Amino acid sequence: MTITVETPLLNVADVSVELSGRLVLEHANLRVDRGELVGLIGPNGAGKTTLLRTILGLLRPAGGRVQVSGKDSRPGRTPIGYVPQRHEFAWDFPISVSNVVMTGLTGRLGLFKRPNEADWHAVADALERVRMSDLADRPVGQLSGGQRQRVLVARALALQPSVLLLDEPFTGLDMPAQELLTELFTDLAHEGRAVLMTTHDLASALFTCDRIALLNRTVIASGPSSEIAADTAAWMATFGVGAESTMLRILKVR
Amino acid sequence: MSLFEFFADLLNPSLSFLPKALAVAVMSSIVCGVVGCYMVLRGMAFIGDTVAHAVFPGLAVAFVVGGNLVLGGTIAGIITAILIAVFAQNRRLKEDTVIGVFFVAAFALGIVIISQAPGYAGSLQQFLFGSITGIPDSDLYVVGITGMLVLATIFLLHKEFVSISLDRESARALGINVFVLDLVLYVLVTLAVVISVQTIGNILVLALLITPAATARLLTDRLGAMMFLAPVIGAVSALLGLYLSWSFDLPTGGIIVLTLTVAFLLAWFFAPRQGLIAKARRSTGTEQPAVQASPTSPMLEARQ
């Protein structure tokens, strides 16, 4: 492997974040390169969502910086696609799939402007990419969980971002839906995007992600999945478990 | 009284308050119907109730000093809306708690202020329950222009309002200023309330905001259709309500609200997809393929 000094697409450098006077993240370092699917793993309250919000530029770090393609992240200015947890979205809203995807362009269109033909093409492309074109006119309330997740991904893709952030995309989905999405996320990354995904599903993350980052108030370890799987000490530090915990035994079985 | 006689009365110069009341009632219902769609979809009914009460001290001040009611109400409503939006930023208190504080406080202030006016009981009743007589000509223009302003703002900011209603965090990530848009929406609700208070009254105005939009929601899964249907349902109910109220000498605000409620119940039972009757028919008969709710309903057809 040749070593290049290329700047990573997404670079979280020494980031500390304070929420209501409490330091939630301390000196976190993480980089996601073009073409990589990185799994962000950590217990509840470890700061995963905080890290995502900081990357989006919604939280200002108390220290360090977040850069995308070498530039500081700013909401609406940085090409980051954000896929929130499914329950964050108002699924009872009377709106069609394609119109939801179009809302992904709201910020770029700007005030008082209406979408033109090129924008609708971008929406169609995004839907095609997640294989939802045939459901474009369906009201979102009628979709299954997996289909909803794909709509949210399409909305994030409408801006053609180079970085994609996924917050717990598998929660509450059945296995077939999870596997379909895993394949999609892997493809999206390998097409040349930097994809960062938080997940609770440790086993499947180790199989599917190119790299894993373990987070608990800071990035405790990050590296290729096989290396991280073997790093028992890092898992114990991240999840606060003993050497004999069931979780570690499951990791060793693989 | 037949509908024909009602129209004759509308044209009778000695009853000039009647066409004015009709114009104001219809304009109010259209504006409230459109604004109400966002409120119903965002679960803002309580906020609507709050704004309706919050405009009261402004109306009272305007009444006592003899100023313009629309202006007074708008100022009071906007001040309350801003106070709520600002205080709701405190994460320790939920928004509905903050609303609960300011909503009653504003109303209490209104009662204290209006008690200073002579003939206090009568004017209080007029504010609370509406009155079709005594709409000055100047209010026609104020209501018309304010209504147009509200509708134009919604037309221009529709895609932003939809984005922040769907998912606030993603909207923020897209660089949309959610806080400012929330404020604008509150102000629009306030304006819709203020122009409606004259005919329908302070307490009943909530129905004008919520019921037509809720009825429209039962009839369609399309936002565009909903935002068209809600003002139509509101305007037709206002016309019908005013007619019934004039014919049988019943309170206008109350009758308009009851007419709206009947429309809502009809939609609840007879809506093409979600209605109780349609559901019962589907569960007994064969499962039908999913069809879009058509924008027309038995209720609307019957009415036209």
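Student: In this predicted model, how far apart are the end C-alpha atoms of helix α10 of chain B, and what span should its residues give?
Tutor: Helix α10(B) covers residues 178-200, which makes 23 residues. The expected span is 1.5 Å times one less than the number of residues, so the helix should span 33 Å.

Student: Which residue just after α10(B) takes a positive phi?
Tutor: Just after α10(B), a positive phi of about 95° is taken by B:Gly201.

Student: What is the strand order of the open six-stranded sheet in chain A, and which strands stand at its edges?
Tutor: The pairing in this sheet is mixed, and the order is β6-β7-β8-β3-β9-β10. Neighbouring strands are turned by 15° against each other on average, direction ignored. Each edge strand has a single partner, so one side of it is left without a neighbour in the sheet; the edge strands are β6 (80-83) and β10 (219-224) of chain A.

Student: Which residue of β10(A) is the bridge partner of A:Arg211?
Tutor: Strand β9 of chain A holds residues 211-215 and is joined to β10(A) by five bridges. The two strands run antiparallel. In β10(A), the partner of A:Arg211 is A:Pro224.

Student: At what angle does helix α1 of chain A run to β7(A)?
Tutor: Helix α1, residues 48-56 of chain A, lies across β3, β6, β7, β8 and β9 of that chain. Helix α5 (residues 145-157) of chain A also packs on the sheet, touching β6 and β7, and its direction makes about 160° with that of β6(A). For α1 and β7(A), the angle is about 150°.

Student: Which helix supplies the largest share of the side of chain B that touches chain A?
Tutor: The contact takes 21 residues from chain A and 23 residues from chain B. By class, the chain B side has 10 nonpolar, five polar and eight charged residues. At least two residues each come from α8 (137-166), α9 (168-173) and α12 (223-248) of chain B. The largest share, seven residues, comes from α8(B).

Key
Residues numbered from 1 in each chain as written. Chains lettered and ligands numbered in written order. Predicted model: local features only at pLDDT ≥ 70, side-chain atom pairs only at ≥ 80, totals over all residues. Pairing = 2+ DSSP bridges. Helix = DSSP H or I, 4+ residues; strand = E, 2+ residues; numbered from the N terminus. Axes fitted to C-alpha atoms, helices over the stretch in contact; angles between N-to-C directions. Contact = placed C-beta atoms within 7 Å. Nonpolar A, V, L, I, M, F, W, Y, C, P; charged D, E, K, R; others polar.
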